[in-house]
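I opened this notebook to record what I looked up in one chain. The entries go from the whole chain to single residues.

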Amino acid sequence: MSGPECCENPPNYLSGGGGGGGAGHVQQLGGFNCYLSGPVDSTQAVILVSDVFGYEAPKLRKLADKVAEAGFYVVVPDFLRGDPRIPNDEKPLEVWIIDHGPDQGFEDAKPVIEALKSKGVTKIGAAGFCWGAKVVVELAKYAYIQAAVLLHPSFVDVDDMHAVKVPISILGAEIDRRSPPELVKQFEMALNAKPEVDAFVKIFPGVTHGWAVRYNDEDELAVKSAEESHQDMLGWFEKHLK
C-alpha cells in the first residue's frame, strides 16, 4: 500500500525560514492547527492536503500563498496531528502509516469544512498531494467539496474514480511507482465513462513522484513543471469555484 517513493526528496524546512514560513499564519480551524492564507471574507476556499511530510513544508505554504493571491481563502490543515514523516526516519513507512491513515484524514477534514461554511464560505475546492490525494478523492466521492485536484496521488485506485461526484483534475508524473502513467490512464478511462463529471487528466513528462511540492530548485525542468501544475490546479479551481 505504501512505498519508499512517498518519502523521497523530502522538503527543506530551513528554506522557509523555519516553521514553514510563508505570508499567512497558523491558527486553529475545525479543531486543527492550519496554515491560513488569503482574504478571510472570501466565499471561495481551497484546502491543500499535504503529503506525508506535513503542513509545515515551505513549498506547500508557498503554493498556498500563490493560490490565495487569486482571491481564495486557503487552508493547509495539520491532518498528521503534529507527527509528520521525518526525513530518514528509521521507522518504516508501513509502520508510520498505521497511525496516519488517509481514512482518518478524510474524517478530520469534515470539521474543517464545517468551520469554513460557518464563516460564510459557499464553495470549497481541495487539492491533495501524495498521501493527501486519497483524502481529497474521498471528499470528492461524497461531494463534501465542489472541485478536486489530485497531484502525484498515492493510495488512490480506479474504484475511487468510479465513485467521484464532483469535477476532478489529476496531475501525474511520468516517473512514479505510486501512480504510474498506466494507472493514471486507467483513472482517465474511468472518468471518461462518467460524462456527468468534468475531468482533466495530465501526465507531466520527465518528473518524479512528489515533484509539485518537493521539486529541486536547481532542476529547471522540475521547477517549470511544478509551476505548470500549480497553474493547472489554480485554473481548475477558478473554473469550478468562481
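**Basis.** I worked from a predicted model, in which local features need pLDDT of at least 70 and side-chain atom pairs count only at pLDDT 80 or more, while totals for chains, interfaces and linings use all residues. Residues are numbered from 1 along each chain as its sequence is written, and side-chain values use heavy atoms, with hydrogens and water left out.

**Overall form.** I counted eight helices and eight strands in the chain; these are DSSP runs numbered from the N terminus, with helices being H or I of at least four residues and strands E of at least two. I then looked up the radius of gyration, taken over C-alpha atoms, for which the globule rule is 2.2 Å times the number of residues to the power 0.38. For 242 residues the rule puts a compact globule near 18 Å, and the 16 Å of the chain agrees with this. The C-alpha trace spans about 45 × 40 × 35 Å along its principal axes.

**Burial and contacts.** I took buried as under 20% relative accessible area, exposed as over 50% and partly exposed as in between, with a 1.4 Å probe and protein chains only. Of the 242 residues, 55% are buried. For contacts, I required heavy atoms within 4.5 Å. Among contacts with a separation of 6 or more, 70% join residues 24 or more positions apart.

**Cysteines.** I searched the whole structure for disulfides, meaning pairs of cysteine sulfur atoms within 2.5 Å, and the search found zero. Cys34 is in no disulfide, and the nearest cysteine sulfur, that of Cys130, is 20 Å away. Cys34 is buried at 0% relative accessible area. Cys130 is likewise buried, at 0%.

**Helix H1.** Why did I note helix H1 as largely enclosed by the rest of the structure? Nine of the 11 residues of H1 (residues 58-68) are buried, so the helix is largely enclosed.

**Val207.** I located Val207 in strand S8 (residues 199-208) and found this residue buried, with a relative accessible area of 3%. Leaving aside neighbours within four places in sequence, Val207 is in contact with Ala173, Glu174, Ile175, Ala222 and Ser225. Val207 and Ile175 are 32 residues apart in sequence, and their C-alpha atoms are 5.9 Å apart in space.

**Ala148.** I placed Ala148 in strand S6, where this residue counts as buried at 0% relative accessibility. Beyond neighbours within four places in sequence, the contacts of Ala148 include Ala126, Val136, Val166, Ile168 and Trp236. Lys194 is 46 residues from Ala148 in sequence, and the C-alpha atoms of the two are 15 Å apart.

Most residues other than glycine have a negative phi. Which way do the two loop residues below face, buried or exposed? Arg81, in the loop between strand S4 (73-77) and helix H2 (93-96), has phi near 55 degrees, a positive value. Arg81 is exposed, with a relative accessible area of 53%. His152 is in the loop between strand S6 (147-151) and helix H5 (158-163), and has phi near 35 degrees, also positive. I found His152 buried, with a relative accessible area of 0%.
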